[in-house]
Amino acid sequence: GVGSAVLGFTAGVNGSRVDSITIKAAATTTAGMVRFWIYTGSGNALLILEVLASAITGSGTVAEFSSEQLPANWVLASGQTIYWAPHNAEQYNVHIRGGDY
């Protein structure tokens with residue numbers, strides 16, 4: 001199955017940069033990908049990152065899946081957005097951190 005695409009970041013009026021992305025599963029995961037796209041607003045979505053999510057059953061002694069990504073030189077033009085979606089229909093919390101120019 002495929003999870004729904006979620007808007008994760010919108011560039012400011014003068015453009016923006018992306019510094020880091022944290023992906024944290026909210027529950028048990030099966031093996032799959034978490035994918036990220038830059039949407040340019042002109043009908044073009046560019047796949048820019050795929051993160052392999054491991055199969056993990058969390059418990060009191062096993063942490064749920066998590067991953068920290070440090071994108072190099074991701075600069076978005078004014079109004080461009082980043083969308084993300086899990087390969088499998090599973091729950092993730094994704095935090096995209098950056099700043100406006």
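This report describes the sheet, the nonpolar core and the salt bridges of a predicted model.

## Basis of the description

Residues are numbered from 1 along each chain as its sequence is written, and side-chain values use heavy atoms, with hydrogens and water left out. Because the model is predicted, local features need pLDDT of at least 70 and side-chain atom pairs count only at pLDDT 80 or more, while totals for chains, interfaces and linings use all residues.

## The four-stranded sheet

Four strands form an open sheet with antiparallel pairing, in the order β1-β7-β3-β4. Strands are DSSP runs of E with at least two residues, numbered from the N terminus, and two of them pair if DSSP finds at least two bridges between them. The edges are taken by β1 (6-10) and β4 (45-53); each has a single partner strand, so one side of each is left without a neighbour in the sheet. From one strand to the next, the twist averages 25°, an angle between N-to-C directions of axes fitted as lines to C-alpha atoms, on a scale from 0 to 180 degrees.

Strand β7 (residues 81-86) is joined to β1 by four bridges, and F9 has I82 in β7 as its bridge partner. On β3, six antiparallel bridges make the pairing with β7, where W84 stands opposite F36. Eight bridges join β3 to β4, also in the antiparallel sense; here I38 stands opposite L46. The hairpin of β3 and β4 has five residues between the strands, and G41 takes a positive phi near 85° in this hairpin.

## The two faces of β3

In a regular strand the side chains alternate between the two faces of the sheet. The covered face of β3 carries G32, V34, F36 and I38, and the uncovered face carries M33, R35, W37 and Y39.

## The nonpolar core

The largest nonpolar core has 21 residues. Such a core is a set of buried Ala, Val, Leu, Ile, Met, Phe, Trp, Tyr and Cys residues joined through side-chain atoms within 4.5 Å; buried means under 20% relative accessible area, exposed over 50%, and partly exposed in between, with a 1.4 Å probe and protein chains only. I21, I23, F36, I82 and Y92 have the most contacts inside this core. At least two core residues come from each of β2 (16-25), β3 (32-39), β4, β6 (74-76), β7 and β8 (92-100), and β2 gives the most, with four.

F36 is in contact (heavy atoms within 4.5 Å) with residues including I21, I23, L46, I82, W84 and I96, leaving aside those up to four places away in sequence.

## Salt bridges

The whole structure contains three salt bridges, each defined by a side-chain nitrogen of Lys or Arg within 4 Å of a carboxyl oxygen of Asp or Glu. In one of them, D19 and R17 meet at 3.0 Å, N to O. D19 is partly exposed at 36% relative accessible area, and R17 is partly exposed at 32%.

E50 pairs with R35, with the closest N and O atoms 2.6 Å apart. This pair links distant parts of the chain, with E50 in strand β4 and R35 in strand β3, 15 residues apart. E50 is partly exposed, at 41%. E68 and R97 meet at 3.0 Å, N to O; E68 lies in strand β5 (residues 66-69) and R97 in strand β8, so the pair ties together parts that are 29 residues apart in sequence. Both count as partly exposed, E68 at 45% and R97 at 36%.
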